[in-house]
Amino acid sequence: MDLALFYYLLLGFAVLMYVVLDGFDLGLGILYPWFRSEAERDHMMRSISHVWDGNETWLVFGGVVLFAAFPAAYAGILATLYTPIIIMLIGLIFRGVAFEYRFKSHRSKPWWDLSFCLGSTVATFCQGAILGAVVQGVEAGPGELGALEWLSPFSIFTGFALMVAYALLACCYLVMKSRDEIMARAAHLGRQLVLAIMAILVVVSLWTLLANTEVRTRWFDGLNFLFLLPLPLLSALFGWLLYRDLDGQPHETRPFWLAVGLFLLGFIGLVVGLFPYLIPHQLTLWDARAPDSSLLFLLPGIFIFLPLICAYTLWGYRIFSGKVEDFEEGY
């Protein structure tokens, strides 16, 4: 296989794993205002206390792959998106500190709740805005707007869209990990968010098709639309099944996997529209690739550490599977 294509697929895998795994714990912070009691928030924190830091491994891994395998894209993206990336990291720091201090505090617990909520919300919005800026095809490097080059109506919309998507994933996770009132409330919120996310998918898809000639050509040139038609049809099916499962008697595990399926289908649609570009209209994966000697040098580390990361991730989720019990103490 072409080494550049291998690392492109590896980068896509790392991004998808991060979005799915860290998505639900960021989503719990976004959902905080709808769960006001201390007991409910304790329960939500316990449900992710064993996985949240491991989930962020994929963010670091993806950054390393981008830096090492596609240095030109890394430099171009960082030069343009430096501001939202720094804001995102500050948000992640605040929510990380909130985890460590919230379980040990008493009088200051509301401030750590606020830190967790705001940190999760800000980090998610910045991730969505970064995605929107990349899809829209911002100029690599400083432009006329300087530090605000990434900010546009589309990137703002995708920022809020990702907040809705992560909140939906968090609702499905709570249905899987909770009981009784918390489970019922998460299912009720999830049904509303399913409707919102399906509308958002339609808007983002149409917006991208109308604004990006290359994406429009990719979808509608020749018989491409017939081959790609299963993507929107499966998305609609998954959305309907997810809405149905989050009813008065919600299925416990299936909603989470249906939500993951929606993320996967959206991600595949995004890759189909943008391939082979890392920075649309500017850099393909072959233009941005590192020399073959560098790509070969990375392979032993990839083959050693990627299975290890996957193994401890699976082991951690397996060990802590099942419902979260509220009699458990601490963090």
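Student: Leaving aside neighbours within four places in sequence, what is aspartate 113 in contact with?
Tutor: In this predicted model, aspartate 113 is in contact with Tyr32, Arg41 and Arg102 once its neighbours within four places in sequence are left aside.

Student: Which of those side chains makes a polar contact with the side chain of aspartate 113, and at what distance?
Tutor: The side chain of arginine 102 makes that polar contact with the aspartate 113 side chain, at 2.4 Å.

Student: And where does aspartate 113 sit, and is it buried or exposed?
Tutor: Aspartate 113 belongs to helix H6, which covers residues 109-136, and it counts as buried because its relative accessibility is 7%, where buried means under 20%.

Student: Switching to rings: how many aromatic pairs does the structure hold?
Tutor: There are 21 aromatic pairs in the structure, and one of them joins tyrosine 8 and phenylalanine 275 edge-to-face, with 5.5 Å centre to centre and 70 degrees between the planes.

Student: Which residues do ring pairs link into a cluster?
Tutor: Ring pairs link Phe24, Tyr173, Phe256, Trp257 and Tyr317 into a cluster.

Student: What lies over the face of tyrosine 243?
Tutor: That is arginine 191, placed at 3.9 Å from the ring centre of tyrosine 243.

Note on methods:
Residues are numbered from 1 along each chain as its sequence is written. This is a predicted model: local features need pLDDT of at least 70, side-chain atom pairs count only at pLDDT 80 or more; totals for chains, interfaces and linings use all residues. Side-chain values use heavy atoms; hydrogens and water are left out. Helices (H or I, at least four residues) and strands (E, at least two) are DSSP runs, numbered from the N terminus. Buried means under 20% relative accessible area, exposed over 50%, partly exposed in between (1.4 Å probe, protein chains only). A polar contact is a pair of N or O atoms within 3.5 Å; within protein, one must be able to donate a hydrogen and the other to accept it, and residues adjacent in sequence count only if both atoms are side-chain atoms. Contact means heavy atoms within 4.5 Å. Rings of Phe, Tyr and Trp (its six-membered ring) pair if their centres lie within 6.5 Å; planes under 30 degrees apart count as stacked, over 60 as edge-to-face and the rest as tilted. A charge sits over a ring if NZ of Lys or CZ of Arg is within 6 Å of the ring centre and within 35 degrees of the ring normal.
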